[in-house]
Amino acid sequence: QGPMGLGAWRGFEKQQVTVTRPSESTTMTTVQWPGCLRDEAALLGSFCVAPTTNNIPVNQEQQLPRLTFQVEPQTPSHATVFLLSDENDAFQRLFLGGDRGNVSAGCEHLMEASKATVFADATSGHVNGARSLTGSLYHRWYAIAVDCSRPKPMCPNITRAQISFFHPNSDGSIDMCENLAMGSYGLAAMLKETIQKTLENLGASNPLHVVGLSPFSIVILYICALAMILCAVLLGGMSRVEQDQGKKLVYLRSSFAVLVAGFSYLCMSTGNGTLFLKPTGGSGPATSWAISSTSLEVAEEGMHVSSYPLFYIRYLSMIVSSSCILYNLCVIAAVDAPSKKLLLFVNASMWALFLVAALIFSPLKWVVWLFSVLFSWACSWTIRKDLWDASSMRDRPTRRLFHKLAALVLLSWTVYPIFWLISDGTRTLPSDVVVMAHGAVDILALCIFGLLLLRNVPKLSTLLPKGLDGETELLNTQT
């Protein structure tokens with residue numbers, strides 16, 4: 001985590017760095033044979049320290065950020081450890097700027113510029129110490145080792161250096177310090193961290209931090225969930241004020257369909273009802289996938305995430321939602337009961353097979369997908385044949401409404417198998433694109449279907465022949 005241009009080789013030994021996290025507030029860095037800066041100093045590590053208050057009670061000084069280090073130089077090298085802060089640009093001036101002559105003159109200049117100087121033990125030659133770190137802004141601290149036993153400072157041979165960084169007020173990463181050097185982008189990142197810490201202090205988790213999903217995908221899922229729930233509320237409100245019993249039932253079914261889909265998107269936005277797949281080999285369409293059982297790295301930016309989300313709850317909810325939509329289509333077309341049952345069966349089978357195929361990681365999934373395509377074709381054929389013929393017996397307003405709704409359903413049911421092929425089938429699309437496409441197609445198939453019903457549903461007496469499913473009989477009883 002240091003500047004570029006370090007000497008990564010010490011004689012015949014190569015620099016090795018190991019970073020571990022014993023706890024959320026502690027980062028342990030172990031460096032073997034650290035690289036040299038201008039052959040004058042060994043860089044042991046750089047650390048980003050969050051702002052601290054100047055008024056720390058004596059009994060709470062242990063809550064300050066702190067570096068604890070153990071440095072073991074190789075005999076006959078000697079080492080003195082200096083802690084430099086970039087608040088006064090000491091590190092940049094001494095090693096990246098034009099003050100090289102001052103460093104070469106002796107270690108006195110380093111001692112003046114450093115925040116702390118720790119000398120080696122006279123017996124073992126090891127350097128052991130700990131220092132608290134303070135500052136008013138996010139800034140970097142650098143730990144360097146210098147051999148001051150010679151007239152000219154030299155880079156010592158360090159066999160091993162172990163530095164423990166205690167960071168109770170930050171995550172210990174260097175992101176914030178790097179963001180400060182990025183202008184407006186850095187300010188945006190700082191604002192993001194401030195919001196996250198505010199939510200943590202309030203006891204609320206960050207809604208845009210879901211393992212395996214990028215913040216962009218989560219925002220899209222929340223927007224889709226909100227749109228569907230609002231649409232369901234609108235349709236539910238229409239059913240409350242509608243006097244015609246047949247139209248009331250149509251509105252209620254559509255409201256229920258959109259509400260189920262909306263809650264499924266709400267579950268997906270919080271990471272529930274989702275499996276995350278990880279690549280296990282290959283590349284492109286030939287990539288092998290497996291269900292991940294561990295926490296996955298969350299992508300903060302861009303279109304790429306390190307895993308692929310499989311929203312199984314969406315498939316389960318679409319079995320219910322699409323069945324309600326198709327049932328309404330059957331009611332408007334006044335189709336007979338056998339055709340209605342056939343349509344609902346092939347539709348539920350299509351969605352179930354989509355889910356099964358998505359969970360299969362062998363070539364067998366393409367066989368299952370072909371069966372789902374057959375069921376999709378059977379669903380479309382039933383609409384084009386049975387429902388279309390039945391609707392021809394209705395009056396003109398009813399036929400016009402049915403043709404609009406049927407065209408919408410046929411378009412959606414044609415897109416679903418193709419979209420599955422390039423999303424959960426081959427997984428070639430970025431997950432953010434998949435989330436957007438899922439939301440767009442589902443809103444088209446469910447919300448737009450429901451909104452088309454708001455002004456155009458004819459009275460029940462014009463939709464069903466007497467006695468069919470008991471709905472007209474109920475209306476006649478009320479009238």
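Predicted model: local features only at pLDDT ≥ 70, side-chain atom pairs only at ≥ 80, totals over all residues.

Reply: Residues are numbered from 1 along each chain as its sequence is written, and side-chain values use heavy atoms, with hydrogens and water left out.

Me: How many disulfides does the structure hold?

Reply: A disulfide is a pair of cysteine sulfur atoms within 2.5 Å. C36 and C155 form one, with sulfur atoms 1.9 Å apart. C107 and C148 form one with sulfur atoms 1.9 Å apart. The number of disulfides in the structure is 2.

Me: How many residues apart in sequence are the parts that C36 and C155 tie together?

Reply: Helices (H or I, at least four residues) and strands (E, at least two) are DSSP runs, numbered from the N terminus. C36 lies in strand β5 (residues 36–37), whereas C155 lies in the loop between β11 (139–146) and β12 (158–166). The pair therefore ties together parts whose separation in residues is 119.

Me: Is C148 buried, partly exposed or exposed?

Reply: Buried means under 20% relative accessible area, exposed means over 50%, and partly exposed lies in between, with a 1.4 Å probe and protein chains only. C107, the partner of C148 in the disulfide, is buried at 10%. C148 has a relative accessibility of 28%, so C148 counts as partly exposed.

Me: Which cysteine has the sulfur nearest to that of C447?

Reply: C447 is buried, with a relative accessible area of 5%. C447 is in no disulfide, and at 4.0 Å the nearest cysteine sulfur is that of C231.

Me: What is the orientation of α9 relative to α10?

Reply: Axes are lines fitted to C-alpha atoms, for helices over the stretch in contact, and angles run from 0 to 180 degrees between N-to-C directions. The axes of α9 (residues 337–358) and α10 (residues 364–391) come within 8 Å and cross at roughly 155°. Angles under 35 degrees count as roughly parallel, over 145 as roughly antiparallel, 65 to 115 as roughly perpendicular and the rest as oblique. The orientation of α9 to α10 is therefore roughly antiparallel.
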